Amino acid sequence: MIECSVCHSKIAPPASKSISRAYDKHRTFVSSKTRFLNVILVAGDCLLVGFQPILVYMSKVDGGFKYSPISVNFLIEVAKVIFAIVMLLFQSRHKKVGEKSLLSVSALVQAARNNVLLAVPALLYAINNYLKFIMQLYFNPATVKMLSNLKVLVIAILLKIIMKRKFSILQWEALALLLIGISINQLRSLPEGASSFGLPVATGAYLYTLIFVAVPSLASVFNEYALKSQFESSIYHQNLFLYGYGAMFNFLAILGIAIFKGPSSLDILQGHSKATMLLICNNAAQGILSSFFFKYADTILKKYSSTIATIFTGIASAVLFGHTLTINFVLGISVVIISMHQFFSSYSKVKDEQRSGNFKMVESIDSQRSRDASFPNMTDVSENASHHVNEEKGPLLPV
């Protein structure tokens, strides 16, 4: 409780948990280095996310995949685990005197205990990475990218429920604009009469979109929750276990397929090409970059940066594969850009953030007043001393 030293009224400070404190610390006090990091994260994410559907589309042969998508996901997780180990080795070599090595047994055991929650997003990501390939079989790259942007609204709702995040009315309106922009792009985006898995196109599209949006949204929110709840842990420790769990889940899936299809499916390099190798590198880099988003920025910024990548995906898809950029796509992207500007505008700032700043200011003023009450005012001391001297010496004659 914050108590005023004048009226002695008590005000309850805003609720703060370790996760929200970690988020608020990096949201409220934004230094130039943090802004630069955000710019680098957004630029890198736009490039990597924009290329992903293109590479998946290029890896298809006769409308299908000659390789197992699960094997690609397994190799991606292995690549990210190797990166985390290399970074931990680099940090261990450059540690200060007296610091414990991040690769020591005790440090690894402690990190494993603290970050066991990362198994949840790892499982969800394993499912989501497989869904990405399924979506590419029935939608063109630009459409897949726009459908994935539906995650933003679901993520906002999950952040409000799980992490107690607050959004202003303008920010909710911005998210509504985002949905409108996506809907505009989806109008007549699928050929009439087409079908998938024997279902009408409309039914199939709704089913795939529902799963494709819900699973990664849960994964992103749980990932941010797990990373921020152990904010003092090394991000490379957290990446090591997150990607390690992911590799384990994908390997179990490979073993399950081998049981039903035979030992030949254990050949994880079967059917791979240069496009799939580029896809593995691209997705590995994207996953590593995402962990920095979730720990040092936030999920909403990550998803909006992925929205910007839609422009790159649409243009590249038109240039490389001859897909038509419709007026719906142009109008939809325009609405999405307006939505993004409104969401991050200073006018959309939540009022509770300003109240929190006022609480801190009141607390600071009260503490200053307490210090002032503990020590006499130097001006009063000087005047009292001068008055005492004058009384002893008598009245001073004017000069």
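The following legends describe close-up views of a predicted model.

Local features need pLDDT of at least 70 and side-chain atom pairs count only at pLDDT 80 or more, while totals for chains, interfaces and linings use all residues. Residues are numbered from 1 along each chain as its sequence is written, and side-chain values use heavy atoms, without hydrogens and water.

**View 1. Asp45 and Lys302 form a salt bridge.** The N to O distance is 3.1 Å, under a rule that takes a side-chain nitrogen of Lys or Arg within 4 Å of a carboxyl oxygen of Asp or Glu. Asp45 belongs to helix α2 and Lys302 to helix α12 (residues 299-321), so the pair ties together parts 257 residues apart in sequence. Helices are DSSP runs of H or I with at least four residues, numbered from the N terminus.

**View 2. Arg165 pairs with Glu224 and with Asp298.** The closest N and O atoms of Arg165 and Glu224 are 3.4 Å apart. Glu224 lies in helix α9 (residues 201-229) and Arg165 in the loop between α7 (151-162) and α8 (169-186), so this pair ties together parts 59 residues apart in sequence. Glu224 counts as buried because its relative accessibility is 0%; the value for Arg165, also buried, is 7%. For Arg165 and Asp298 the N to O distance is 3.9 Å. Shared partners join Arg165, Glu224, Lys228 and Asp298 into one salt-bridge network.

**View 3. Helix α2 bends at Gln52.** The bend is about 25°, and Pro53 follows within four residues; the angle is between axes fitted to the seven residues ending there and the seven starting there.

Terms used. Helix = DSSP H or I, 4+ residues; strand = E, 2+ residues; numbered from the N terminus. Buried < 20%, exposed > 50% of the residue type's maximum accessible area, 1.4 Å probe, protein only.
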